[in-house]
Amino acid sequence: MDADVIVVGAGPVGLFLATELRLAGAEPLVLERLATPSEDEKARGLGPLATEAFWRRGLGDQLAEADVQGTKDLARDHGTTRGHFANIFKITPSEDRPRTYIWQPELERVLAKHAEGIHVLRGHEVTALESDVDGVTVTAGGTWRAKYVVGCDGGRSTVRKLTGFAFPGTPPLLRTTAGQVRFVGDVPSSGRYDGGTFLHGGRLAGITELASTPEPVTAADFAASIRRITGADVVVEEFREERRFGDQARQAETYRLGRVFLAGDAAHVHSPSGGQGLNLGLLDAANLGWKLGAVLRGDKPEAFLDTYTHERHPAGEAVLRNTRAQSALLAPGPHVDALREIVADLMDVPEANKYFGDLLAGIHQRYDFPYLAPAPAGEHCPDLELVGHDGRVTRLHEHTRTGRGLLLTAADVTDPRVDVVPVTNTGPLLLRPDGVIAWAGEGPLEVALDTWF
Ligand SMILES: Cc1cc2nc3c(=O)[nH]c(=O)nc-3n(C[C@H](O)[C@H](O)[C@H](O)COP(=O)(O)OP(=O)(O)OC[C@H]3O[C@@H](n4cnc5c(N)ncnc54)[C@H](O)[C@@H]3O)c2cc1C
């Protein structure tokens with residue numbers, strides 16, 4: 001074996017997974033097609049669950065630093081720092097859970113630094129893959145062998161196609177033409193206009209309509225489309241790296257076939273509305289890394305790995321559902337105008353406003369456990385303030401760098417399977433390495449410990 005796990009793709013999800021695997025004691029090898037990292041400004045932010053996952057690994061300061069500029073850029077491009085559902089910019093940012101505005105290339109730099117020391121082979125495109133009883137052989141120029149392979153190779157995933165994962169879903173309703181754009185003078189705000197939607201963030205700008213022209217787009221064509229849609233007299237000096245994408249929503253039927261797994265966009269694609277894809281993928285990585293580590297160490301049997309699909313597939317489904325709803329609300333026409341007015345009014349109701357914010361953050365998704373575990377078990381634990389027996393105050397993320405399970409308790413106990421943190425200000429909690437609450441005081445602790453550790 002050349003490694004325990006071959007991770008295909010050094011995008012954000014692949015890099016994060018590789019670091020989680022290393023923390024769990026496994027040896028990852030990353031194979032990446034591109035010779036140098038992409039500078040594409042796609043995602044511009046991390047939701048609360050992904051932000052907290054990064055804090056748990058000691059990356060909070062780097063995120064906070066990037067967030068200063070990221071938030072300014074957001075205000076510049078959207079005219080507000082409120083969140084949006086289908087470009088209805090009304091969602092009040094949550095004060096309870098953190099989020100981060102960081103451009104994707106910057107995030108990938110943070111992750112690349114965090115991944116230093118991990119074997120990452122760039123300029124290696126995976127073209128073939130073969131599983132047998134002991135492992136998987138991967139071809140990418142040369143051949144490499146590992147016990148498991150994870151395809152983190154994006155929406156057009158080669159690993160998914162080579163392995164034969166079914167990828168059902170819905171075809172595009174709306175189509176976007178986007179590119180790296182340089183404007184001269186004023187740029188209209190991102191949003192839905194009568195004829196379509198204009199989106200603008202950093203260097204990326206795009207227009208979304210029911211149908212796009214089949215021909216390549218010039219700077220003058222793009223300016224004319226923006227004028228037609230927004231009414232603004234824009235001047236586009238440069239339009240390059242044209243890209244087309246639809247809001248098709250597809251999801252792999254299972255995230256595991258034998259020794260091969262999918263994570264991130266390889267497992268699910270949907271429209272970028274509401275900025276959720278990256279969060280979803282990073283949480284796939286957080287969920288899978290420690291589980292593969294536990295099986296590779298021999299602490300858990302192979303069947304344990306099926307909990308990955310069981311937990312993460314519903315999370316993906318929920319995002320596909322709300323992005324489809326957003327696409328419906330972005331389509332042109334008077335019927336949709338009327339529906340948007342009603343949704344916009346609804347968002348003025350504080351409870352409804354919070355509902356939309358929580359929906360996009362995935363806060364209330366609970367994993368379904370194989371034992372009786374009332375909420376908050378199954379949820380991602382927030383970054384709690386903890387008070388020890390000596391009165392010392394810490395935050396949860398200060399105890400999670402080891403990537404081990406944690407038992408927060410006032411009782412004087414030890415257990416070799418987890419780190420015990422004495423606390424006096426909260427009820428007992430058992431946390432998995434991915435920050436998920438495994439037990440919150442109800443039912444036998446032993447069952448939860450046995451299940452996960
Ligand atoms: C316009 C736009 C805006 C977005 N905004 C947001 C946002 O605000 N928030 C958010 O959460 N998400 C957003 N997203 C989605 C987000 O960008 C993706 O979900 C994210 O990039 C997924 O990461 P990934 O690592 O799964 O895949 P990718 O980033 O696609 O990385 C896959 C990697 O695999 C490599 N690869 C591919 N094939 C092979 C192969 N055969 N062999 C080896 N390597 C290979 C690729 O080169 C690439 O480096 C946006 C997307 C778009 C298009």
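I started with the UniProt record, where an unreviewed entry puts the feature "domain: FAD-binding" at residues 2-185 and 210-323. UniProt positions are in the numbering used here, feature names are shortened, and annotations may be inferred rather than shown by experiment. What I have is a predicted model, in which local features need pLDDT of at least 70 and side-chain atom pairs count only at pLDDT 80 or more, while totals for chains, interfaces and linings use all residues. Numbering runs from 1 along each chain as its sequence is written, and side-chain values use heavy atoms, with hydrogens and water left out.

I looked at the make-up of the two stretches. Residues 2-185 come out as 31% helix and 31% strand, with the end C-alpha atoms 54 Å apart. For residues 210-323 I get 45% helix and 19% strand, and the end C-alpha atoms are 16 Å apart. Helices (H or I, at least four residues) and strands (E, at least two) are DSSP runs, numbered from the N terminus.

**Core.** Which residues have the most contacts inside the largest nonpolar core? I find Ile6, Leu31, Leu46, Phe54, Val150, Leu292 and Leu430, in a core of 81 residues. Helix H7 (residues 277-297) gives the most to this core, with nine residues. Domain 1 and domain 3 each supply at least three residues to this core. A nonpolar core here is a set of buried Ala, Val, Leu, Ile, Met, Phe, Trp, Tyr and Cys residues joined through side-chain atoms within 4.5 Å. Buried means under 20% relative accessible area, exposed over 50%, partly exposed in between (1.4 Å probe, protein chains only).

I checked Leu292 separately. Leaving out residues up to four places away in sequence, Leu292 touches Val5, Leu21, Tyr148, Val150, Phe261 and Leu305.

**Rings.** Phe, Tyr and Trp rings (the six-membered one for Trp) pair if their centres lie within 6.5 Å; planes under 30 degrees apart count as stacked, over 60 as edge-to-face and the rest as tilted. By this rule I count 14 aromatic pairs. Phe85 and Phe356 make a tilted pair, because their ring centres are 4.9 Å apart and their planes are at 50°. The pair links distant parts of the chain, with Phe85 in strand S4 (residues 83-85) and Phe356 in helix H10 (residues 350-361), 271 residues apart. Phe85 and Phe356 are both buried.

I also noted one aromatic cluster formed by Trp290, Phe304, Phe369, Tyr371, Trp452 and Phe453. Lys300 lies over the face of Phe304, 5.1 Å from the ring centre. Arg432 has its charged end over the ring of Trp452, 4.4 Å from the centre. The rule for a charge over a ring is NZ of Lys or CZ of Arg within 6 Å of the ring centre and within 35 degrees of the ring normal.

Most residues other than glycine have a negative phi, and most peptide bonds are trans. I looked for exceptions. The peptide bond from Ala375 to Pro376 is cis, with omega near 10°, and Pro376 sits in the loop between H10 and strand S21 (385-387).

Ala86 has a positive phi of about 55° and is placed in the loop between S4 and strand S5 (88-91). Is Ala86 buried or exposed? Ala86 is buried, at 0% relative accessible area. Glu241 has a positive phi of about 50°, lies in strand S16 (residues 235-246) and is partly exposed at 44% relative accessibility.

**Two loop residues.** Asp434 is in the loop between strand S25 (429-431) and strand S26 (437-439). I find Asp434 buried, with a relative accessible area of 2%. Beyond four places in sequence, Asp434 touches Arg56, Ala286, Asn287, Trp290, Tyr367 and His380.

Ala10 is in the loop between strand S1 (3-8) and helix H1 (12-23), and is buried at 4% relative accessible area. Its C-alpha atom is 9.7 Å from that of Leu111, which is 101 residues away along the chain.

Conventions. Domains from an automatic or database assignment. Contact = heavy atoms within 4.5 Å.
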